[in-house]
Amino acid sequence: MSSNSSRERKVLLLLHPKRESALTSALEIGRGLAAAGIAVEHHLSSDGSGVPEIVRYSGRPIRDFELILVLGGDGTMLRSAEMAYGTSIPILGINIGHMGFLAEVERPSNDEIVAAVVSREYVREERMSISYEIERHNGVVDSGWALNEIVIEKESSQMVELFVSVDQRPLSLWNCDGVLCATPTGSTAYAFSAGGPVVWPDVDALVLLPLAAHALFARPMVLSPRSEIAISVRSESATLSADGFRNKPLREGDLIRITRDSHSFTFARMNSAPFTNRLVAKFQLPVAGWRGE
């Protein structure tokens, strides 16, 4: 590495624009990284005034940055995934506000964050993603991906009729609110609130979950990551939602194919605390009196 390598290092700060604590932390972290010779640019997850003392994101390729540092919640983390998709740039999430599953369990100090970034002392986690294709009249009309989940759901108050198959074999016809397919990362999001299983993030699997289905069998299922889920729309209309904010209208006769995506994401963590700790902290599970080490 050359002697001027510190001046070549770049970090992108992605922050929630409506949380004053995120703006304050961004300023302090930006100053600390700049003092260590690391160039910092900031990007808001939506419209906002920004951080005047830090350079706004220039639009340079994300691959030019060594790290995306996220100050916000799980929603802001999902926005960072849009930016990092197709790259191996690690995403380090720092919770500002309510604790989610994608960022650190405990809020480190700004000095600790700066020290970890400067020394590159963080643990990397690989997370799988999923992709979809929408077939209409035997042709693909749209495609996309999700880090958390893809949901095919009703467009109005009426239920939607969806025919689901797995690996080219019929599974069931459901009259329901929708059908959800989640990654292990997404198993603790929408899928969890709908009654799905919690899947540890280092497990390679797909979660398939009918939503409020009027059927004898409507249980959540855990599938092989190599499986293909095909969902045929039998109602006049429906909606496809990827990670809750990339939405696509569907028509009767559309066929949606969902598989594991070829791209994965790299999350960074400042400590190697296991997922169990995050689960216990999130739901305040009763562990008092545990006799383990």
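Rings of Phe, Tyr and Trp (its six-membered ring) are taken to pair if their centres lie within 6.5 Å; planes under 30 degrees apart count as stacked, over 60 as edge-to-face and the rest as tilted. By this criterion, ring pairs link Tyr85, Trp145 and Phe265 into a cluster. The structure is a predicted model, in which local features need pLDDT of at least 70 and side-chain atom pairs count only at pLDDT 80 or more, while totals for chains, interfaces and linings use all residues. Residues are numbered from 1 along each chain as its sequence is written, and side-chain values use heavy atoms, without hydrogens and water.

The whole structure was searched for aromatic pairs, and 6 were found. Trp145 and Phe265 make a tilted pair, with 5.5 Å from centre to centre and 45 degrees between the planes. Trp145 belongs to strand β7 and Phe265 to strand β17 (residues 255-269), so this pair ties together parts 120 residues apart in sequence. Helices (H or I, at least four residues) and strands (E, at least two) are DSSP runs, numbered from the N terminus. Trp145 is buried at 11% relative accessibility. Phe265 is also buried, at 2%. Here buried means under 20% relative accessible area, exposed means over 50%, and partly exposed lies in between (1.4 Å probe, protein chains only).

The pair Trp200 and Phe275 is edge-to-face, because the ring centres are 4.9 Å apart and the planes stand at 70 degrees. Trp200 lies in the loop between α5 (190-193) and β12 (206-211), whereas Phe275 lies in helix α6 (residues 275-283); the pair therefore ties together parts 75 residues apart in sequence. Trp200 is partly exposed at 34% relative accessibility. Phe275 is buried at 8%.

A charge sits over a ring if NZ of Lys or CZ of Arg is within 6 Å of the ring centre and within 35 degrees of the ring normal. The charged end of Arg246 sits over Trp145, 4.1 Å from the ring centre. That of Arg79 sits over Phe245, at 3.9 Å from the ring centre.

Strand pairing was examined next. Two strands pair if DSSP finds at least two bridges between them. Strand β1 (residues 10-15) is mostly covered, with 5 of its 6 residues buried. β1 pairs in the parallel sense with strand β2 (residues 39-44) over 6 bridges. Leu15 has Leu44 of β2 as its bridge partner. A further 5 bridges join β1 to strand β4 (residues 67-72), again in parallel. There, Leu12 stands opposite Ile68.

An open sheet is formed by 6 strands in the order β13-β12-β11-β8-β15-β16, with antiparallel pairing. β13 (221-223) and β16 (246-251) stand at its edges; each has a single partner strand, so one side of each lacks a neighbour in the sheet. The twist averages 20 degrees from one strand to the next. For such angles, axes are lines fitted to C-alpha atoms, for helices over the stretch in contact, and angles run from 0 to 180 degrees between N-to-C directions. Within the sheet, β8 and strand β15 (residues 237-242) are antiparallel and share 4 bridges. Val151 has Ser241 of β15 as its bridge partner.

Asn148 lies in the loop between β7 (139-146) and β8 (149-153). Asn148 is buried, at 7% relative accessible area. Contacts (heavy atoms within 4.5 Å) were listed without counting residues up to four places away in sequence; the partners of Asn148 include Leu78, Cys181, Thr183 and Asp243.
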